Every structure is written in C-alpha cells, then in structure tokens.
Amino acid sequence: MLLHDTALIYGRYLRQSLRSRFALLFGVLTPLLYLLFFGPLLTGLPLGGGGSSWQVLVPGLLLQLGLFGALFAGFAIIIEKGQGVVERMRVTPVSRLALLLGRVLRDATVFVFQAVLLVLAALVMGLRAPLAGILIGFAFVALLTLSLASLSYAIALKAATPQQFGPLINAVSMPSMLLSGLMLPMTLAPAWLDVLSHFVPFRYLVDAVRDAYVGSYTSAHMLYGSVVAVAFAALAVTVGTRVFRTTGA
C-alpha cells in the first residue's frame, strides 16, 4: 500500500509540474547564468585539485540547484494548506509517509532533470568528466533534494504564513551556500573559515561530487559525502513524516 500510495501522490504532483513547463525550465536559469558568466572567469586559475575549473564549478552548481530549489519547495504546501488541500488529504487512508515521499520524489525528479540540462550546457562550454562521475553527481542531487525538500515541507507545515517561512529559509540557505564551497573549494579560504565549513554537511557532498568528476571514486571525500548524504536523507524523511503525522492532528 505504501508503494501504491506513494505512486499516486507522485503522479499527481508530477503532472502538475509537467503542466508548468515554463517553471520547469526557469528553475535551472540561475545555475545556468553562473555557468555562462562566472565559469569563464575561472578558466586557468589555480583552484586546487586535479581537475579543470569546470570540474570544480559544475558540481557546485548541481548541488546549488538542489539546495535552493528544494529548500523553497515548502511554499507550495503553504498554499495547499491555505486552500484546505492538505487537510483533505490527511483524512484519506493514504499513508502519511506516502504524502511526503510522493512530493519529495517529484521534486527529486524535477531537479535531476534540470541537472541534466545544466550538465549538457556545461559539456558544450568545455566540461570534461567521466560518465560515472556525472551519474554519481545526479545521485547526490537526488539525495540532497530528498533531504531538503522533506525538511522544507516540515517547516512549511509549522509556519503560519509565507512571511514566516521565507526569512527562515533564507537564513539557512545563504550560510549553507557560502560555507559549503559551492562556488570555489573551501581549501582556498583562510584556515578558520575552512575549519568552520566542516560543520556544514553540504561541504562533504560538494567535495564528493568534485572527486567523482575527476574520476576519484574511492577517496575519503567520496566515503564521507556518501555517508552524510544517506544519513541526512534518512533523518530528514523521518522528521518530515513525523510532522505530517502530527501537525493539525
């Protein structure tokens, strides 16, 4: 029943996304602009590591796509909550876990699709990376989206208005972006900032995907990134499911 209910909710929200093709393509615009206007500035600069500047920048942009997109996913459920959609779903026999999983799996599908578009554009601009590394990058985008969308929906169910939700998400997203090394490796930062960045879990995901893009699949970064990504996803889904079960009950 869980699989059936999840597929039902997933299909409902995926159809909504497919009907809004403009929003689907517009979501990749910001990372694409970074790619077009920021990427060429890094060409030839000593960024550390064994890869090119594109192998440093593109993994960061992929995770930026998941970070910002998934964190703001909760706005949709605030609208649904105001329209009574959430309450009508809650009185059905559908599993509460399915109510969450259907939504976050739709989000993961959308952002992986946008990540594919971003990588295709990067390949045109000069990115060279092994296919296995690119696929690993998509997997990390999916896990990050699953985690952050779950937390975003949980926070949105607790928030009374979009005015409460928006500033809170901004307060989380901006430090996360700056301290995770999305744009440039944190090894280029002062020592105190590099140390501080290790307390941000997204740092480990960024380092892992960058290693994957240079073909280093057995590095410590890959191990730490995989463990953090899976553990964070499990924790976030657990928290999100509990909120779906208890809020408004």
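Over the ring of which residue does the charged end of Arg-12 sit? In this predicted model, where local features need pLDDT of at least 70, side-chain atom pairs count only at pLDDT 80 or more, and totals for chains, interfaces and linings use all residues, the ring is that of Tyr-13, with the charged end 5.0 Å from its centre. A charge is taken to sit over a ring if NZ of Lys or CZ of Arg is within 6 Å of the ring centre and within 35 degrees of the ring normal. Residues are numbered from 1 along each chain as its sequence is written, and side-chain values use heavy atoms, with hydrogens and water left out.

Helix H6 spans residues 74-83 (helices are DSSP runs of H or I, at least four residues, numbered from the N terminus). Gly-74, Ile-77, Ile-78 and Glu-80 are buried in H6 (buried, under 20% relative accessible area; exposed, over 50%; partly exposed, in between; 1.4 Å probe, protein chains only). These residues lie on the same side of H6 because they cover an arc of only 165 degrees around the axis, taken from the directions from the helix axis to the C-beta atoms. Ile-79, Gly-82 and Gln-83, on the other side of H6, are exposed.

Four aromatic pairs are counted (rings of Phe, Tyr and Trp, the last by its six-membered ring, with centres within 6.5 Å; stacked under 30 degrees between planes, edge-to-face over 60, otherwise tilted). One of them, Phe-75 with Phe-165, is edge-to-face, with centres 4.8 Å apart and planes at 85 degrees. Phe-75 lies in H6 and Phe-165 in helix H10 (residues 162-179), so the pair ties together parts 90 residues apart in sequence.

Technical notes. Helices (H or I, at least four residues) and strands (E, at least two) are DSSP runs, numbered from the N terminus.
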